[in-house]
Amino acid sequence: MKDFEKLGYLEDDFKIFHIKDKQRKDFAFHYHDFNKILIFIKGNVSYCIEGKNYELKPYDIVLVNAGEIHRPLVLDNLSYERIIIYVSTQFLSHYQGEDYDLSYCFERSKKEHSNVLRIPSIDKSKLYQVCLELEHSFVDQAYAQELYQKILFLEFMIQLNRTAISNHINYLDSVGDNGKLVQMIDFINEHLSEDLSIDLLAEHFYLNRYYLMHYFKDETGYTIGNYITEKRLLLAKSLVQKGLSTTEACFQSGFKNYSTFSRAFKKAFNTIPKNAGILD
């Protein structure tokens, strides 16, 4: 069995899918190297993201950042319907100005330590109307459908951020968290540029190293080593896209050897590090 799986490839800045599963499906833990927005429409589903579990209600909005391991848990045979939006890590950066930043909701989500947004009385909001328009756009084959969906998405992001800024939004608390796993993941993500050996982690969390390795793999589907490597590669990619040299990105993301970094980067992203700035 694979330690983990990266799913989906995004060659465009932006992609929308409307998906309805009429029979129960099992999803493995996976990650993407792009951001993901899920608008939950109906079903009996909880969502697991990096050790946190969320019980979803219709029109909850799930924000999954690039590299976060996640999976939905479908709890029965009811139809599971959702709109999924893939957004490249650079797309929203094109929509930043002095008085707006369409990535604000993602940044606030990180500060709130929550991946799920719930809008009180959403059915009375402009955001809800845009969600309905997005949903309807998949069956409406009218002129310039793809362009219209992009316009609707941008309007959706504007309305979502307006709602977040005005605080008419709840960043949902997770339920049934695996507290130990969340602590491990948070520690790893906060110390990617530092030494993260198994022995160091075992000592920090007062665990036997073999127990730690098996526990992390059983809970996430990842080995600790592969999880750390993937997170470091995504960090390095982001640093290059922000203008750092590939050498600086290599060492600031925790790699000790440039050749090892370059090989791993090419395997993960199908390109050499210096081209990361023109990916997505």
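Reader: What makes Leu-147, Tyr-148 and Ile-151 a nonpolar surface patch?

Author: In this predicted model, these three residues together make a nonpolar patch of about 300 Å². Patch members have over 30% relative accessible area and no salt bridge, with nonpolar side chains (Val, Leu, Ile, Met, Phe, Trp, Tyr) joined within 5 Å and like charges within 9 Å. Areas come from the Shrake-Rupley method with a 1.4 Å probe, and only the protein chains shown count as cover for residues. Residue numbers start from 1 along each chain as its sequence is written, and side-chain values rest on heavy atoms, without hydrogens or water. Local features need pLDDT of at least 70 and side-chain atom pairs count only at pLDDT 80 or more, while totals for chains, interfaces and linings use all residues.

Reader: How do you know whether Ser-46 is buried or exposed, and what is in contact with Ser-46?

Author: Its relative accessibility is 11%, so Ser-46 counts as buried. Ser-46 sits in strand E3, residues 45-49. Leaving aside neighbours within four places in sequence, Ser-46 is in contact (heavy atoms within 4.5 Å) with Tyr-54, Glu-55, Arg-71, Pro-72, Leu-73 and Leu-75.

Reader: What makes Glu-50 and Lys-231 a salt bridge?

Author: The rule asks for a side-chain nitrogen of Lys or Arg within 4 Å of a carboxyl oxygen of Asp or Glu. For Glu-50 and Lys-231 the closest N and O atoms are 3.4 Å apart, and a salt bridge is formed. Glu-50 belongs to the loop between E3 and strand E4 (52-55) and Lys-231 to helix H7 (residues 224-241), so the pair ties together parts 181 residues apart in sequence. With a relative accessible area of 8%, Glu-50 is buried; Lys-231, at 9%, is buried as well.

Reader: How many salt bridges are there by this rule?

Author: The count is eight. Among them is the pair Asp-199 and Arg-209, at 2.7 Å from N to O. This pair links helix H5 (residues 198-204) to helix H6 (residues 209-220), the two residues being ten apart. Asp-199, at 46%, is partly exposed, and so is Arg-209, at 29%.

Reader: What makes Tyr-59 stand out, given that it is not a glycine?

Author: Tyr-59 has a positive phi of about 70°. Most residues other than glycine have a negative phi. Tyr-59 lies in the loop between E4 and strand E5 (61-64) and, at 12% relative accessibility, counts as buried. Ala-144 also has a positive phi, about 55°; this residue is in the loop between H2 and H3 and is partly exposed at 32%.

Reader: How much space lies in the largest pocket, and which helix gives the most to its lining?

Author: The largest pocket holds about 1,300 Å³. Of its 37 lining residues, Asn-65, Ala-66, Glu-68, Glu-107 and Lys-110 are the closest to the centre. H7 gives the most to the lining, with six residues. A pocket is an open set of points on a 1 Å grid over the protein atoms alone, where a 1.4 Å probe fits, with protein on both sides within 12 Å along at least five of seven lines; lining residues have an atom within 4 Å of a point. The volume is the space filled by probe spheres set on the points, which are joined across faces, edges and corners.

Terms used. Helices (H or I, at least four residues) and strands (E, at least two) are DSSP runs, numbered from the N terminus. Buried means under 20% relative accessible area, exposed over 50%, partly exposed in between (1.4 Å probe, protein chains only).
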